[in-house]
Amino acid sequence: MNLDFSAIKNQKNLLAFSAGVDSSALFFLLLRQNISFDIAIVDYNLRFQSKEEISYAKELAIKYNKRIFIKDIKLENNSNFEKMARDIRYKFFEEIILENSYENLITAHQLNDKLEWFFMQLSKGAGLIELIGFNEFEQKENYKIYKPLLNITKNELEIYLKENNYKYFIDNSNFDEKYKRNYFRHNFANKFLEEFSNGVKNSFQYLQNDLNSLNIQTKPIKKIEELEIFLNQKDDNLNIRIIDLNLKKRGILLSSAQRDEILKQKEITVCHKINISIEKDYIWIAPKLTITMDKNFKERCRLLKIPQNIRAYLYLKNINLEELIFQKSF
């Protein structure tokens, strides 16, 4: 199994580990290519087997001289479990990354996961960016998420583990179809890949190339702390793509209804925490803050044509309005 890890060579990496097929295979693949990394694992205390998985992770850490970070939490197995577990998991990873200056979070998502995502988005109604939302690299504010296995099937990873006699665990909850992802996995993605894995790999590559060719301007023309300003593309589809990608970096996944509402309202608060304003020439995005501003500041904002729902953030963060003078000359 040939993988190129040169993008993270000589960097400080954290592997999201679970002791399952995917992360166990990735653990040994990284070892084989002498990539430096440590591991982090979460125990939700829902299965007796999870204690064995934690023990195995500890054994690997000791044997291969890896730091290990463990989060022990009791989480109810309800209808919202998948989202809650994901939020807890990634918050834990981010805390470790910030405290220990890791540059990359490596996850073991593979081709089956990518196709599951594709089918789930297709079922809800989605555009090109959402359909192929699983990318090898995802830039966060202080680190990157790296998914090196996206062109490899789960079956290929399991064969690799068996051929090398590497230990791994099977999480039986992955077969419970009350979870939406499992439903798509067992009824669509796995069966489809059994017959058409090469075609799926090629199609995802073609789609990514097409997306790259669109050359959507996703970089802000101005970024000051958590305020980001983009050029209005004069096209609703392009504008909502810019907003969608930006909010993903902030940990917010927009629904189709939310996208429609943003384009309709133009000036709106999303998820009670991020303000967005789509104006004639610019798109403004900043955290929602509530504060009483003095009249002089509000008047200066009015003259500079700064959106009303962005002003409180500028005021509280004491951002120099002269830095936004580009509006008069851009």
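## Rings, charges and a mixed sheet

In this predicted model, the charged end of Arg86 sits over the ring of Tyr90, at 4.4 Å from the ring centre. Here are some exercises to work through with the structure open.

**Exercise 1.** Find the ring that lies under the charged end of Lys66, and give the distance to its centre.

*Solution.* Start at the charged end of Lys66 and look for the ring below: that ring belongs to Phe37. Now take the distance to the ring centre, which comes to 4.0 Å. The cut-off for the Lys NZ is within 6 Å of the centre, and 4.0 Å passes that part of the test.

**Exercise 2.** Work out the strand order of the sheet and pick out its edges.

*Solution.* Walk across the sheet and you get β3-β2-β1-β4-β6-β5, 6 strands in an open arrangement with mixed pairing. Next, look for strands that pair on one side only: these are β3 (68-72) and β5 (137-139), the edge strands. From one strand to the next, the twist averages 20 degrees.

**Exercise 3.** Describe how β4 and β6 are joined.

*Solution.* Strand β4 covers residues 104-106 and β6 covers residues 144-146. The two run parallel, with 3 bridges between them.

**Exercise 4.** Classify the ring pair Phe69 and Tyr102, then say what it ties together.

*Solution.* There are 23 aromatic pairs in the count. For Phe69 and Tyr102, the centres are 6.2 Å apart and the planes make an angle of 90 degrees. Planes over 60 degrees apart count as edge-to-face, and that is the class of this pair. Now place the residues: Phe69 is in strand β3, while Tyr102 is in the loop between α3 (81-100) and β4, so the pair ties together parts 33 residues apart in sequence. As for burial, Phe69 is buried at 13% relative accessible area, and Tyr102 is buried too, at 2%.

**Exercise 5.** Do likewise for Tyr183 and Phe188, and find the cluster they belong to.

*Solution.* The geometry comes out as 5.8 Å centre to centre and 70 degrees between the planes, an edge-to-face pair. Tyr183 is partly exposed, with a relative accessible area of 37%, and Phe188 is also partly exposed, at 35%.

How values were computed. Residues numbered from 1 in each chain as written. Predicted model: local features only at pLDDT ≥ 70, side-chain atom pairs only at ≥ 80, totals over all residues. Heavy atoms only, no water. Pairing = 2+ DSSP bridges. Helix = DSSP H or I, 4+ residues; strand = E, 2+ residues; numbered from the N terminus. Axes fitted to C-alpha atoms, helices over the stretch in contact; angles between N-to-C directions. Phe/Tyr/Trp six-rings, centres within 6.5 Å; stacked < 30°, edge-to-face > 60°. Buried < 20%, exposed > 50% of the residue type's maximum accessible area, 1.4 Å probe, protein only. Lys NZ or Arg CZ within 6 Å of the ring centre and 35° of its normal.
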